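Please work through the exercises below with the sequence and the structure side by side, and try each task before you read its solution.

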Amino acid sequence: MARIKLEGCEKLFGFLAIVGTSLTDVDALASLREIVSTEGVTAPNGNGLLVAHNDWLINIEGLSNLIQVTGGVVIEHNPKLKSTADVGHNITVGTNVLGESVVIRDNLALQDTGIWDPWGGAVPGSLTIEE
């Protein structure tokens with residue numbers, strides 16, 4: 001099983017890509033509050049947070065303390081992901097190179113997208129949620 005070694009980290013410079021892991025959750029990231037860009041580090045398609053192609057990932061509630069993500073947030077192709085609850089509450093998000101702020105798609109088991117509150121935080125680009 002994959003292990004996240006960012007326990008206790010509150011601010012991450014660059015981007016966070018959780019891609020192709022065997023994780024079932026990201027609870028080890030519960031302290032993370034900010035993901036901010038840094039010069040010389042290029043995020044995938046301008047996304048500050050990318051959660052994709054994780055075959056065993058069930059929830060991402062460990063990201064519920066995020067208040068800022070520079071760049072877009074993309075959560076896609078996680079077949080067992082049941083919930084993104086609480087991740088989008090009071091969050092300020094940027095945009096990726098396509099002008100997207102938040103994209104949640106092709107998470108076949110998804111039952112609860114939670115509250116993505118662009119008024120409590122800020123979402124300058126598009127918000128896309130699709131099967």
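Two exercises follow, each with a worked solution.

This is a predicted model, in which local features need pLDDT of at least 70 and side-chain atom pairs count only at pLDDT 80 or more, while totals for chains, interfaces and linings use all residues. Residues are numbered from 1 along each chain as its sequence is written, and side-chain values use heavy atoms, with hydrogens and water left out.

**Exercise 1.** Find which strands pair with β4.

*Solution.* Strands are DSSP runs of E with at least two residues, numbered from the N terminus, and two of them pair if DSSP finds at least two bridges between them. Begin with β2, which runs parallel to β4 and is joined to it by 4 bridges; here Val 19 stands opposite Ala 52 of β4. Then turn to β6, which pairs with β4 in the parallel sense over 5 bridges, and where Glu 76 is the residue opposite Ala 52. Finally, 6 of the 6 residues of β4 are buried (under 20% relative accessible area), so this strand is largely enclosed by the rest of the structure.

**Exercise 2.** Describe where Asn 59 lies and what its side chain reaches.

*Solution.* First locate Asn 59 in the loop between β4 and β5 (68–69). Next, note its relative accessible area of 18%, which means that Asn 59 is buried. Its side chain reaches the backbone nitrogen of Glu 61 at 3.1 Å. Lastly, leaving aside residues up to four places away in sequence, Asn 59 touches (heavy atoms within 4.5 Å) several residues, among them Thr 24, Asp 27 and Leu 81.

Conventions:
Buried means under 20% relative accessible area, exposed over 50%, partly exposed in between (1.4 Å probe, protein chains only). A polar contact is a pair of N or O atoms within 3.5 Å; within protein, one must be able to donate a hydrogen and the other to accept it, and residues adjacent in sequence count only if both atoms are side-chain atoms.
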